[in-house]
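Please look through the sequence and the three-dimensional structure shown here before reading the notes that follow. They are meant as a short briefing, grouped by topic.

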Amino acid sequence: MSLIELFIIAAGLSMDAFAVAICKGLCMPKMNWKHGIIVGLYFGGFQGGMPLIGYLLGSQFKDSIAAFDHWIAFVLLAAIGLNMIKEAFSKEESCPVCSIDPKSMCLLAVATSIDALAVGVTFAFLQVQIVPAISFIGSITFVLSVLGVKVGNAFGTRYKSKAEMAGGVTLILMGARILSSHLMGA
């Protein structure tokens with residue numbers, strides 16, 4: 001997997017965290033960089049850790065499903081992407097609780113990184129070098145989450161659904177690219 005492809009996946013995965021970070025920023029009367037960094041560390045840490053868990057789980061089964069692993073990668077990425085697009089069109093405009101206490105941040109970080117767990121499974125099938133991949137995903141999510149807090153504080157939730165839509169389309173396209181490259185090569 002190329003660095004550009006990994007960047008696209010990382011950006012797509014981080015859109016949920018970015019949208020929640022926007023809500024966090026919306027709750028702040030004035031931008032607080034310390035809180036922005038805390039939000040970024042939670043989301044970036046979980047977004048980097050979940051693919052590792054998925055990778056370790058996927059590595060246990062990759063030999064037995066190697067003949068159709070590209071279909072699994074496509075279905076997982078497409079399902080995650082479609083769910084993100086559905087959320088973008090949802091009329092629910094609820095922002096998560098404004099608190100940055102460890103309990104609420106852990107819950108939000110897990111909720112926004114479940115899709116990264118599934119991507120980690122696909123990384124095992126694609127034999128991606130996992131340490132650089134999770135480092136990159138975590139770093140991109142950290143930066144975008146801190147930026148999301150700033151955007152939320154400055155502009156409100158105007159970009160929340162657009163971020164979820166862009167992330168969903170990106171993941172679907174990456175899944176389709178993985179499937180087509182394997183089918184064309186097979």
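In which helix is tryptophan 71 found? Tryptophan 71 is found in helix α4, where helices (H or I, at least four residues) and strands (E, at least two) are DSSP runs numbered from the N terminus. This is a predicted model, in which local features need pLDDT of at least 70 and side-chain atom pairs count only at pLDDT 80 or more, while totals for chains, interfaces and linings use all residues. Residues are numbered from 1 along each chain as its sequence is written, and side-chain values use heavy atoms, with hydrogens and water left out.

**The nonpolar cores**

- The largest nonpolar core has 30 residues, a nonpolar core being a set of buried Ala, Val, Leu, Ile, Met, Phe, Trp, Tyr and Cys residues joined through side-chain atoms within 4.5 Å.
- Here, buried means under 20% relative accessible area, exposed means over 50%, and partly exposed covers what lies in between (1.4 Å probe, protein chains only).
- Leu13, Val119 and Phe123 are the residues with the most contacts inside this largest core.
- At least two residues of this core are supplied by each of α1 (3–13), α2 (15–26), α3 (33–61), α4 (69–89), α5 (102–126), α6 (130–155) and α7 (160–185), and the largest share, seven residues, comes from α6.
- A second, separate core has 12 residues, including Ala17, Val20, Met31 and Phe43.

**Leucine 13 and threonine 112**

- Once residues up to four places away in sequence are set aside, leucine 13 touches Gln47, Thr112, Asp115, Ala116, Val119, Ile137 and Leu171, where contact means heavy atoms within 4.5 Å.
- Threonine 112 lies in helix α5 and counts as buried, because its relative accessibility is 6%.
- Not counting residues up to four places away in sequence, threonine 112 touches Leu13, Asp16, Ala17, Val20, Phe43 and Gln47.
- A polar atom of the side chain of threonine 112 lies 3.2 Å from the backbone oxygen of alanine 109; a polar contact is a pair of N or O atoms within 3.5 Å, and within protein one must be able to donate a hydrogen and the other to accept it, while residues adjacent in sequence count only if both atoms are side-chain atoms.

- Glutamate 5 is found in helix α1 and is buried, because its relative accessible area is 14%.
- The side chain of glutamate 5 reaches the backbone nitrogen of serine 2 at 2.9 Å, and, leaving aside neighbours within four places in sequence, glutamate 5 is in contact with Met174 and Arg177.
- Phenylalanine 7 also has its place in helix α1, but counts as partly exposed, because its relative accessibility is 40%.
- Phenylalanine 7 touches Phe136 and Ile140, not counting residues up to four places away in sequence.

- Alanine 19 has its place in helix α2 and is buried, with a relative accessible area of 1%.
- Although alanine 19 and glutamate 164 are 145 residues apart along the chain, their C-alpha atoms are separated by 7.0 Å.
- Glycine 25 lies in helix α2 and counts as buried, because its relative accessibility is 0%.
- Glycine 25 and valine 151 are 126 residues apart in sequence, yet 7.0 Å apart in space, C-alpha to C-alpha.
- Setting aside residues up to four places away in sequence, glycine 25 touches Val149, Gly152 and Asn153.

**Exposed and partly exposed places**

- Tryptophan 71 is partly exposed, because its relative accessible area is 40%.
- Phe68, Trp71 and Leu183 form a nonpolar patch on the surface, with about 290 Å² of accessible area together.
- Patches are made of residues with over 30% relative accessible area and no salt bridge, with like charges joined within 9 Å and nonpolar side chains (Val, Leu, Ile, Met, Phe, Trp, Tyr) within 5 Å; a salt bridge is a side-chain nitrogen of Lys or Arg within 4 Å of a carboxyl oxygen of Asp or Glu.
- Accessible areas come from the Shrake-Rupley method with a 1.4 Å probe, and for residues only the protein chains shown count as cover.
- Glutamine 127 is found in the loop between α5 and α6 and counts as exposed, because its relative accessibility is 61%.
- Phi of glutamine 127 is near 55 degrees, a positive value in a residue other than glycine. Most residues other than glycine have a negative phi.
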